[in-house]
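This report describes selected features of the structure shown below.

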Amino acid sequence: MKKRTFIKLCTAAATMPLEISAFASPEKLTNWAGNIEYSTDNVASANSVAAIQNFVRKHSQFKTLGTRHCFNRIADSKQQLLTTDFSAQAPVIDASTRTIAVGPGVRYGAIAPLLEAKGFALHNLASLPHISVAGAITTATHGSGVKNGNLSAVVSALEIVNAAGDVVALSRKANPDIFPGAVVSLGALGVITKVTLNIQPTFQIAQHVYENLPLSSLKEHLDEILSAAYSVSLFTNWGNQRINEIWLKSLYDLRKPPAKQPEEFFGATAAVKNLHPIAELSAENCTEQLGVPGPWFDRLPHFKMGFTPSAGKELQSEYFVPHKNALDAILAVERLHEKVSPHLMITEIRTIKADDLWLSPAYKQDCVAIHFTWKPEWPEVGKLLPIIERELAPYNPRPHWGKLFTLAPKELQSRYEKVPDFLALAKQFDPKGKFRNGFLNTNIFGDT
Ligand SMILES: Cc1cc2nc3c(=O)[nH]c(=O)nc-3n(C[C@H](O)[C@H](O)[C@H](O)COP(=O)(O)OP(=O)(O)OC[C@H]3O[C@@H](n4cnc5c(N)ncnc54)[C@H](O)[C@@H]3O)c2cc1C
């Protein structure tokens, strides 16, 4: 019901050209998972850069919403929320520079078929295509692959409306000093009105799933397993000393089909039907497996556009540790299995290549990400997170910016050497804190 109201607001806004439409919603707006009720009913929608500039000049404090897939209060505001609808403006694919430029609010699922139609692809996608490009890149959203950076790593240019209402254009080429600070911005620099992404020739992926990898095998062959395909995900509920499912997403050359995938993979056995990461759930929502090749956008995410991703009613947390500490970190969580498993739907383990983006969890370090899809039991999960964070502390875990964590702000900041530079950059874009909220004040700006 709440989601329907939101859709109604957006549709109404889209019919009003170059206008800002303001609404007082009769119901509280929530995030996708429903665990966060945003703190204000004031939601406005803007459908052009001019409308956003106008809006920015008129408001002293607000937050921009993407597709509301974050699990914490990073997108929340007590005063005012802004949604954007640029659906009338088609993304621009430039074959000569190998880039695509998209407006705010545009989802990966919307641009993927456009790219494919022109013979192009993105290097990677998250587990779901439903999220907005702007929201994803500001939080360092990622997929998997030892050679794949996160989704922010392929941003080559940005346009941001700053607190004065001016459009600031930045690119990796023209602004090498501050650009790496402006991509994973946590929404603190202003309203992103254009994101330019590097693209590459389209490619095919075949997805093979294996079941029941013994933990002993993982201990012995972790790096071989994590680098066995273009993108590798390990799913476990931490029960019975095993990894429940391994998803291998391998490059597939249609002209030279690869040899048949073996029936066994380090002691795990090939699945004989499509699976959901949570084995009890229907695989109908999941991308095709069993080695059937398909285009990148239909294999790299686990979940299909148009279907509910993941479980739906859930919470999520994720911690990034240096790849070199991956096994120790995995075993540290495994030691907690009796505490973790009762509240867990599934854990996913993925890899992310190092980048140079100041607030990226993969800043200057190849990472392994240990993710938790929790049952919607915040009282219990809220007590478990500090225990997991303590257990992982020797590896200085960096939490996902869009998921739930309890790490003390000082501790969090100490794990990012570029926080002081980011604060200086934020001051340039937003001297009076127009784009700040409780989450940013607590975790980044330190003035709670
Ligand atoms: C089922 C599910 C699966 C997920 N899988 C993955 C995964 O595989 N990998 C992963 O890394 N994460 C994953 N996530 C987390 C999620 O993708 C990220 O947190 C992402 O940020 C969500 O994007 P959004 O558009 O919903 O952003 P929102 O939650 O709406 O906003 C996130 C932040 O972006 C800012 N923002 C949004 N648009 C703009 C703009 N135009 N200008 C300035 N700031 C803006 C907001 O203010 C906020 O700070 C998953 C989440 C769900 C619900």
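K364 lies in the loop that joins β19 (344-352) to β20 (367-374); helices (H or I, at least four residues) and strands (E, at least two) are DSSP runs, numbered from the N terminus. This is a predicted model, in which local features need pLDDT of at least 70 and side-chain atom pairs count only at pLDDT 80 or more, while totals for chains, interfaces and linings use all residues. Residues are numbered from 1 along each chain as its sequence is written, and side-chain values use heavy atoms, with hydrogens and water left out.

Although K364 is not a glycine, its phi is positive, at about 55°. K364 is exposed, with a relative accessible area of 60%; buried means under 20% relative accessible area, exposed over 50%, and partly exposed in between (1.4 Å probe, protein chains only). W238, also not a glycine, has a positive phi of about 65°. W238 belongs to the loop between β13 (231-236) and β14 (242-252) and is buried, at 3% relative accessibility.

## Salt bridges

The model contains 14 salt bridges, a salt bridge being a side-chain nitrogen of Lys or Arg within 4 Å of a carboxyl oxygen of Asp or Glu. Side chains of opposite charge can pair when their charged atoms come close.

K403 is buried, with a relative accessible area of 9%, and E318 is buried, with a relative accessible area of 1%. Salt bridges link E318, E348, R350 and K403 in a network.

## Cavities and pockets

Rolling a probe the size of a water molecule over the atoms shows where empty space is left. The spaces are found on a 1 Å grid over the protein atoms alone: a cavity is a set of points where a 1.4 Å probe fits but cannot get out, a pocket is an open set with protein on both sides within 12 Å along at least five of seven lines, and lining residues have an atom within 4 Å of a point. Grid points are joined across faces, edges and corners, and a volume is the space filled by probe spheres set on the points. There are three cavities of 30 Å³ or more. The second largest cavity has a volume of about 40 Å³, and its lining includes S231, K249, H302 and R350. This lining divides into three nonpolar, seven polar and two charged residues; Ala, Val, Leu, Ile, Met, Phe, Trp, Tyr, Cys and Pro count as nonpolar, Asp, Glu, Lys and Arg as charged, and the others, Gly among them, as polar.

The second largest pocket has a volume of about 410 Å³. Of its 21 lining residues, R73, D76, G438, F439 and T442 are the closest to its centre. Helix α12 (residues 438-445) gives the most to this lining, with five residues. The lining of the second largest pocket comprises six nonpolar, ten polar and five charged residues.

## Ligand surroundings and a polar contact

Around the ligand there are 36 residues, of which T64, G66, H69, S132 and T139 come nearest; a residue is near a molecule or strand if one of its heavy atoms lies within 4 Å of it. A polar side-chain atom of R350 is 2.8 Å from an oxygen atom of the ligand. A polar backbone atom of G135 lies 3.0 Å from an oxygen atom of the ligand, and a backbone N or O atom of I192 is 2.8 Å from a nitrogen atom of the ligand.

Q80 is placed in the loop between β3 (63-64) and β4 (81-84) and is buried, with a relative accessible area of 10%. The side chain of Q80 reaches the backbone oxygen of N42 at 3.4 Å. A polar contact is a pair of N or O atoms within 3.5 Å; within protein, one must be able to donate a hydrogen and the other to accept it, and residues adjacent in sequence count only if both atoms are side-chain atoms.
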